[in-house]
Amino acid sequence: MNDIHFFSRNGYLPVPKILQLEITTVCPLKCPQCYKSLNPKHIQMNTLTNILNEAKNAGVKSIMLNGGEPAVHPDFIKIVKMISQEYGMNAYCFLSGYNMTEKYANELNSDGVFVTFSLNGSCEEVNGLSRDGFQYSINALQLFNKLHIPCGINWVARKDNVFDFPELVQLAKRLQVKWINIIRNKIVNDSIQADLQTDEYEYLAKLIKEYRNEIEIRIEGCNSILTYFIGDRAGDLFNGCQAGRIAMFADIDGDFMPCSHLYYKEKAESLLDYWNHSEALKRLRESNKVEKCEGCIKAKNCYFCKAGAKETHDNFFAPYEECAYKNFVQQKWVENK
Ligand code: SF4
Ligand code: SF4
């Protein structure tokens, strides 16, 4: 049975294609949106090598380097080269721009390496509402532009920056940024701060459709609600929560979890042992087969964020009560009556 048949039948791939890998919990920034309690340390190289060996042998295609700030790991460049050159997997680097130098940038300019800088606003004021380190990102983006190295921007869509999106796009175009990743706002201290409401989703979706002619705009899988407002990716099995379906997470100690936002830490013999026998993944996958949000037109195939909906944090089978899309559909239904 090939992967797609297995996926269609079971709702998950026989092996994960994406591994999020936490290589450090050290971070020099103090972002208001940070969801991690950081006990600062770096991953041990033998832990990292074991995980990469298992990932490669299992058939993982992409490693997403996660932190903390990945670039502060003393062997960051070595790790990126190991992944992309020795192991032949893609290395996705999500960076703040901290520590970025011309030498570093040139070392990252390699096949299979994708660098994205986090920036939540076009100016210090907007960015500062959720992120620290505005100038680090801007300096890094300018440097990559000067050196003609492709890179992207990671932008978390929030209530406090959504109306800045047109300015962010203009900034990205001026700096010849190749793509903007739109990230779902995640849970921090048991709630989602500054979550988008229905009218803000509508506003953003309209802009994305317009700006797509000017710059590549990618919507992360976790942001399926936004894709419903845009009206694309219908039937795309890779849309929606990827945890346990396509992707999994390994933390700094080499322990596995569904994703960095679902704290269900389990010990396993190996990456594949976890993928095949984890209790958390089993429950998550079972919950994905059940229609949870009664009365919603998307209920059948909606893989909404189980970490984002606070009610579901300990119950994967609960509906997403505050879903802005459901409100949107209900409003339209009332207007058309
Ligand atoms: S109400 Fe539930 S099924 Fe419908 S779009 Fe929202 S999260 Fe998905
Ligand atoms: S639980 Fe939420 S944050 Fe984690 S992979 Fe799924 S959608 Fe993304």
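**Close-up views of a predicted model**

View 1. The model is predicted: local features need pLDDT of at least 70, side-chain atom pairs count only at pLDDT 80 or more, and totals for chains, interfaces and linings use all residues. Residues are numbered from 1 along each chain as its sequence is written, chains are lettered from A and ligands numbered from 1 in the order in which they are written, and side-chain values use heavy atoms, with hydrogens and water left out. Ser-130 counts as buried because its relative accessibility is 0%; buried means under 20% relative accessible area, exposed over 50% and partly exposed in between (1.4 Å probe, protein chains only). Apart from neighbours within four places in sequence, Ser-130 is in contact (heavy atoms within 4.5 Å) with Cys-31, Pro-32, Gln-33, Asn-120 and Arg-158.

**View 2. Helix 7 and its packing partners.** In helix 7 (residues 165–174), the residues Phe-165, Pro-166, Leu-168, Val-169, Leu-171 and Ala-172 are buried. These buried residues pack against helix 6, helix 8 (198–211), strand 5 (152–156), strand 6 (179–183) and strand 9 (216–219). After helix 7 comes Gln-176, with a positive phi near 55°.

View 3. The structure contains four cavities of 30 Å³ or more. A cavity is a set of points, on a 1 Å grid over the protein atoms alone, where a 1.4 Å probe fits but cannot get out, and lining residues have an atom within 4 Å of a point. Grid points are joined across faces, edges and corners, and a volume is the space filled by probe spheres set on the points. The largest cavity has a volume of about 80 Å³. Its lining includes Ile-225, Tyr-228, Cys-293, Cys-296 and Lys-298. Helix 9 (224–230) and helix 12 (324–335) are the elements that give two or more residues to this lining.

How values were computed. 1 Å grid on protein atoms, 1.4 Å probe; cavity = no way out; pocket = protein on both sides within 12 Å on 5 of 7 lines; lining within 4 Å. Helix = DSSP H or I, 4+ residues; strand = E, 2+ residues; numbered from the N terminus.
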